[in-house]
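Try each task before you read its solution.

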Amino acid sequence: MGVRSLRAAAGALRRACGPWTPRLGPRLLWSPPMAGNVKAPAPVGAGQEQDRKAQSGWQGGARTWEETEQQAKKLKSSGAEFGEQRRKLPKRKIVLLMAYSGKGYHGMQRNVGSSQFKTIEDDLVSALVRSGCIPENHGEDMRKMSFQRCARTDKGVSAAGQVVSLKVWLIDDILEKINSHLPSHIRILGLKRVTGGFNSKNKCDARTYFYMLPTFAFAHKDRDVQDETYRLSAETLQRVNRLLACYKGTHNFHNFTSQKGPREPSAQRYILDMYCEEPFVREGMEFAVIKVKGQSFMTHQIRKMVGLVVAIVKGYAPESVLERSWGEAKVDVPKAPGLGLVLERVHFEKYNQRFGNDGLHEPLDWAREEAEVAAFKEQHIYPTIVSTERHERSMAQWLSTLPVHDFSATAHAAAQVPSPLEGSEGDGDSD
């Protein structure tokens, strides 16, 4: 058989077996011919053309296989890097020590869906998302990061030692990154790891607030001038502290909040201490600080506790009204302005006893952060209270409303109208 005849036979065999089918892999697959489908030999020229097409097809398949393999390697590499990144950034339960000036804010707690009333948590959540320590959907639903605050400070109320608990990714330089997205009057001063089930509100044993006010608030309505020249006497300060000490212990504070019946268990609150410190002068005006420590406080409770003592010292109400306010009778208790109220610190004695020295967790005492807390108060809280009082005269305007209160009312509202909330749960800290 000649060379031409051999080539023709080989071409016929290739045509009968069908084209080569390349696969993305090291081996090649080919399809056997079906019975009865064998065609007659084609001319030699046709066989050569088919051979070139088959060879060209394999080369294209090889290129496709190489490109796909490279893409797969890239995806595998990027996936490994992403997984490694996630392993380096585990979600952990932490607490943040916060300080903020509450002027211009409608309290601490976020009102989801309401952009009209801006809160401290609105700015905080935005900074957490933008810093990359929580995903965006956690900012939309704060329950996903197990967020909880120790106290829901009211409108205009500031804090020097607020503590919130949440789960975050522990990114590098987390405090610096969060603070870079916060205004200067809101600062994160400390961070500590806590147990997985920690809840800053439920684990808090007590809260300490202070109320800063100009001392002319204690000037008697008939004798003393209520202006910047007033200075608190030692005798008046002594009387103020005697009245404040009456609050210590457990009392029924239903008259010191709203929507609380006198027979509700949650109206009973325990006050550990309450006193007024020595006065001091700021920008020519004398101020004093009243400190109060309690297990928990209801909405407006502290402001009303201060307001009633001011009304007594000024001569608008008798001292006997204090004892009467803890009974079932409805008593008209004035509410001091929110400007001077500040959450100073929160206490975790029981948590610290159990976990503070277990070798895994730090005690929540914030001793190392005290200097920063003091600096924040000097830079943002005290100046705001002083300047606002000087320009807006919130205390002076409130004092002018005291004569309209009726401190002799003895209506037994609870006996006549049962409270719709009797037996309900307490509403937590709101001052």
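A residue counts as buried when its relative accessible area is under 20%. Keep that cut-off at hand, and remember that this model is predicted.

**Exercise 1.** Find strand E3, residues 158-169, and explain why it is largely enclosed by the rest of the structure.

*Solution.* Step one: apply the cut-off of under 20% to each residue. Step two: count. Of the 12 residues in E3, 11 are buried, so the rest of the structure largely encloses this strand.

**Exercise 2.** Which way does strand E1 run against E3, and how many bridges join them?

*Solution.* Start with E1, residues 91-100. Trace it beside E3: the two run antiparallel, with 9 bridges. Check one pair. Lysine 91 lies opposite tryptophan 169 of E3.

**Exercise 3.** Compare how strands E2 and E10 pair with E3: parallel or antiparallel?

*Solution.* Take E2 first, residues 148-149. This strand is antiparallel to E3, and 2 bridges connect them. Arginine 149 has valine 164 in E3 as its bridge partner. Now take E10, residues 341-347. Its pairing with E3 is parallel, over 2 bridges. Here alanine 159 faces leucine 343 of E10.

**Exercise 4.** Describe helix H7, residues 301-314: what is its span, and how many of its residues are buried?

*Solution.* Go from the first C-alpha of H7 to its last. The span is 20 Å for 14 residues, close to the 20 Å expected at 1.5 Å a residue. Next, check burial: 14 of the 14 residues in H7 are buried, making the helix mostly covered. Finally, look just past the end of H7. There glycine 315 has a positive phi of about 100°.

Technical notes. Residues are numbered from 1 along each chain as its sequence is written. This is a predicted model: local features need pLDDT of at least 70, side-chain atom pairs count only at pLDDT 80 or more; totals for chains, interfaces and linings use all residues. Side-chain values use heavy atoms; hydrogens and water are left out. Buried means under 20% relative accessible area, exposed over 50%, partly exposed in between (1.4 Å probe, protein chains only). Helices (H or I, at least four residues) and strands (E, at least two) are DSSP runs, numbered from the N terminus. Two strands pair if DSSP finds at least two bridges between them. The expected span of a helix is 1.5 Å times one less than its number of residues.
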